[in-house]
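Visitor: Could you walk me through how to read a few features here, one at a time?

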Amino acid sequence: MPVDPQIARLLADAHRADARGIEELTVQEARARGGTAAVTATVPFEEVAETRDVVIPGDPAIPARLYRPGAGRPPLLVYLHGGGWVVGSVALSDTFCRALANASGCAVLSVEYRLAPEHRYPAAVEDAYAATVWAAEHAHELGCDAARLSVGGSSAGGNLAAVVALMARDRGGPHLRLQLLHVPVTDHDLDTPSYRANATGYGLTRAAMRWFWDHYLPDVGARGAPDASPLRSPDLRGLPPAIVITAECDPLHDEGVAYARRLAEAAVAVTHLEYPGMVHGFMGWSSQIPRAREAFDQIGAALHEALGPTTTDSAR
């Protein structure tokens with residue numbers, strides 16, 4: 001189906017405000033703009049029961065922010081923001097994490113992993129895995145249920161979440177109950193049918209993804225490694241159940257669908273949520289896109305079903 005008319009209007013407004021593709025910007029300009037398009041719509045701010053900034057010790061130390069939706073010991077989702085491994089931050093994903101915590105009943109630990117090009121691959125991978133290990137070891141101190149730890153992310157963060165799930169399997173832990181892969185990057189192939197069909201005009205572009213990859217992992221020959229392109233992993237057996245979200249009008253659509261299919265073929269339980277007429281960044285625009293608000297509710301319900309409700313210590 002064609003792109004949603006409300007999204008088309010938002011993208012047209014963004015183009016009038018700033019017609020430059022992200023590949024025409026410096027890294028600093030891209031970070032100041034906040035992404036691939038100057039869309040003014042956002043996720044509305046929601047109160048949560050608690051927010052807490054923490055520092056995950058290590059070399060380097062990793063800042064993170066915890067969002068707890070209520071009392072008791074909820075499941076814990078380690079969340080890795082999007083932004084092509086180059087832009088994005090805990091601050092920019094603040095309202096997204098609040099909405100996700102409230103919709104799912106999960107506590108969300110948003111991780112400030114290192115960005116390229118200052119810190120190229122595999123720095124973000126190392127930070128994502130280190131943060132997940134730390135979360136497993138300190139979930140109780142965060143007021144969360146360590147037995148119900150999951151990892152998730154959006155776009156490039158979805159790539160990191162998929163990679164963390166592979167690393168946790170291969171390194172013997174931590175045990176993950178779920179992986180949430182929201183419009184994930186799973187491969188470096190920029191010539192899929194969805195890349196060709198959605199190359200321009202939908203916010204995230206093919207040229208933008210080339211720019212992101214060039215900053216993150218300039219060595220094209222190394223991009224096929226499973227911890228860069230998890231779709232290239234020879235074996236996906238033994239991974240935690242997955243919720244995979246794809247958007248029809250997204251250059252990354254086909255690789256997300258392909259990863260969901262390969263997981264299912266490897267006997268991994270998969271919930272695949274497809275959003276017709278939506279573009280890559282649609283969930284970040286829920287203040288003006290009703291379908292995006294519905295997506296939060298649907299994804300939250302899927303997380304809640306997979307991970308269960310908040311518990312009290314006496315009930316465990």
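Predicted model: local features only at pLDDT ≥ 70, side-chain atom pairs only at ≥ 80, totals over all residues.

Visitor: Is Cys106 buried or exposed?

Guide: Buried means under 20% relative accessible area, exposed means over 50%, and partly exposed is in between (1.4 Å probe, protein chains only). Cys106 has 1%, so it's buried. Cys249 counts as buried too, at 4%.

Visitor: On to charges. How many salt bridges does the structure hold?

Guide: Side chains of opposite charge can pair when their charged atoms come close. A salt bridge here is a side-chain nitrogen of Lys or Arg within 4 Å of a carboxyl oxygen of Asp or Glu, and the structure holds 21 of them. One of them joins Asp18 and Arg33, at 3.1 Å from N to O. That pair links distant parts of the chain: Asp18 is in the loop between helix H1 (5-17) and helix H2 (27-33), while Arg33 is in helix H2, 15 residues apart. Helices are DSSP runs (H or I, at least four residues), numbered from the N terminus. Both Asp18 and Arg33 are buried.

Visitor: What about Asp94 and Arg98: how far apart are the closest N and O atoms?

Guide: They're 2.9 Å apart. The two residues are four apart in helix H3 (residues 94-104), which means about one helical turn separates them. Asp94 and Arg98 are also linked with Asp53 and Arg65 in a network of salt bridges.

Visitor: Last one: which residues have the most contacts inside the largest nonpolar core?

Guide: In soluble globular proteins, nonpolar side chains tend to be buried together. A nonpolar core is a set of buried Ala, Val, Leu, Ile, Met, Phe, Trp, Tyr and Cys residues joined through side-chain atoms within 4.5 Å. The largest has 69 residues, and those with the most contacts inside it are Leu76, Leu160, Met209, Phe212, Trp213, Tyr216 and Tyr259. Helix H5 (residues 156-170) gives the most to this core, with ten residues. Apart from it lies another core of 42 residues, including Cys97 and Phe296.

How values were computed. Residues numbered from 1 in each chain as written. Heavy atoms only, no water.
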